[in-house]
Amino acid sequence: MQDDLIIDGQALNSRLFLGTAGYPSPQTLVEAIEASQCSVLTLGLKRTLLAGDNGFVAQALQAAQARGVRLLPNTAGCRTAREAVQLAHMARELYGTHWIKLEVVGDEHTLQPEPFELLAAATELGRAGFAVFPYCTDDLVLCRRLLDEAGCTVLMPWGAPIGSGQGLINPQALRTLRERLPQATLIIDAGLGAPSHAAQALELGFDAVLLNSAVAQAREPVAMAGAFRDAVRGGRQGFLAGLMAPQSFAVASTPVSGHAFLLG
Amino acid sequence: MSTTIQIQLDEQALSLPAHTTLAQLLEQSQRSPESVATALNGRFVPREARPDTPLHDGDAVLLFKPIVGG
């Protein structure tokens, strides 16, 4: 069954977006990209005075090009809308894409997005022709304003703080987002630690997941990339198939009537 | 009028001839134009605008390049 995810007019044949940071070697990164069958790769920008990267970026770009994987540069490290807007323009020039994962952090401990700066930056970048993927919290009002005021069509609410591996720590808020924003493309970004977390996100009706550390920091990153690939597929298929409604009492699944035996 | 200007390139002090452009600065520092993105005093300068962007005394130039990220 054809089940592409359409973003910005582009058909994506995988609902797994993969980050490129923290892998033990460039070769492992390339093999993880292959195993994940991801449709989107995230990258970043840094100041040139910092040390080199031992070929990670070159290998990632090569792997992406060979497999038709889209690039999604981020604005990691930004604390203000002004910074994020400037970095987004640089990313567009360096990576040749108008897609931008907009990150504006407001708290150093949790790396929680700064909602006011995020909205301002998303609005300005939308006017400048970017397809903005804002990394946001699960706050419904913020998400609605990102859609209605900033013109975003994709939102990336967190499952949990970046790199924490906790999974979906507030599934009720995420359910509400999905129910209240049916027109939005919703991608869970950050905090996933296990394949089951990804499956849960897809089962809740989220359109895709973006993860990095869960694969990069696994004992076997390539095997974990494959596990997430399968979990995303399973979760999506489960959502499409329609999960049964949970209930608080037992219902026998085997259609016996009465007792099987009367003993004694 | 001074024939040289003092700027900061990636937080390093640098003395340049007056009227040096951003494009000439990159050439002088042996960076290919496509390999970096440029910011002048905190504002992005597109690649095509670098030849028409003269540097002034006290300017701060930052260079950015791709990196892995999540």
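These questions and answers cover the interface between chain A and chain B in a predicted model. Local features need pLDDT of at least 70 and side-chain atom pairs count only at pLDDT 80 or more, while totals for chains, interfaces and linings use all residues. Residues are numbered from 1 along each chain as written, chains are lettered from A in written order, and side-chain values use heavy atoms, without hydrogens and water.

Me: How many residues of chain A are in contact with chain B?
Reply: Contact means heavy atoms within 4.5 Å. Chain B brings 26 residues to the interface. Their partners in chain A number 29.

Me: Which residues of chain B lose the most area to chain A?
Reply: Buried area is the accessible area (1.4 Å probe) that two parts lose on being put together, summed over both. The two chains bury about 2300 Å², 59% of it on carbon and sulfur atoms. Three residues together make up 28% of what the chain B side buries: Lys65(B), Ile67(B) and Gly70(B).

Me: Which side chain meets Glu93(A) in a salt bridge?
Reply: A salt bridge puts a side-chain nitrogen of Lys or Arg within 4 Å of a carboxyl oxygen of Asp or Glu. The count between the chains is two. At 3.3 Å, N to O, the partner of Glu93(A) is Arg50(B).
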